[in-house]
Amino acid sequence: MYTEEQVMILEKGQISCDEFEAQLCDYADGELPKTMKAMMEAHECTCEACAESKRTYLLTIRLARTLRCEAKISTEIENRLREKLNERLGLSLKPIDLSMN
Ligand SMILES: [Zn+2]
């Protein structure tokens, strides 16, 4: 299944930097259709900024998962990580509400 945005990208036949970043989350989750993945990989070859974004994103995700498995990641660290992701990648991940715990 394609999202509306993905259909637009496929129709255009190319992906912009903004769109690339918007798809990163699904890419990291392995949820992207093959054609989308191929388009992202083609874009990466011509755009160092997006290639770098992807590296940072995947690395941070991997780090977060490792941390969470090895020792329970504290809410504080998790929030710091989210902040960093927002900063680096222009995402808008919300901090975990500390008062919930
Ligand atoms: Zn780009």
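Trainee: How many helices and strands does the secondary structure of the protein come to?

Mentor: This is a predicted model: local features need pLDDT of at least 70, side-chain atom pairs count only at pLDDT 80 or more, and totals for chains, interfaces and linings use all residues. Residues are numbered from 1 along each chain as its sequence is written. Helices (H or I, at least four residues) and strands (E, at least two) are DSSP runs, numbered from the N terminus. The count is 5 helices and 0 strands.

Trainee: Which residues of α3 are buried?

Mentor: Helix α3 covers residues 34-46. A residue is buried if 20 or more other C-beta atoms lie within 10 Å of its own, exposed if 12 or fewer, and partly exposed in between; C-beta atoms are placed from the backbone. In α3 the buried ones are Met 36, Met 39, Met 40 and His 43.

Trainee: Why do the buried residues of α3 line one face of the helix?

Mentor: An α-helix has 3.6 residues a turn, so residues three or four places apart point the same way. On the other side of α3, Lys 34, Ala 38, Glu 41, Ala 42 and Cys 45 are exposed. Taking directions from the helix axis to the C-beta atoms, the buried residues line one face because they fall within an arc of 100°.

Trainee: Which residues of α2 and α3 make the contact?

Mentor: α2 (residues 17-29) and α3 pack with their axes 11 Å apart. Contact means C-beta atoms, placed from the backbone, within 7 Å. From α2 come Phe 20, Gln 23 and Tyr 27; from α3, Met 36, Lys 37, Met 40 and His 43.

Technical notes: The expected span of a helix is 1.5 Å times one less than its number of residues. Axes are lines fitted to C-alpha atoms, for helices over the stretch in contact, and angles run from 0 to 180 degrees between N-to-C directions. Two residues are in contact if their C-beta atoms, placed from the backbone, lie within 7 Å.
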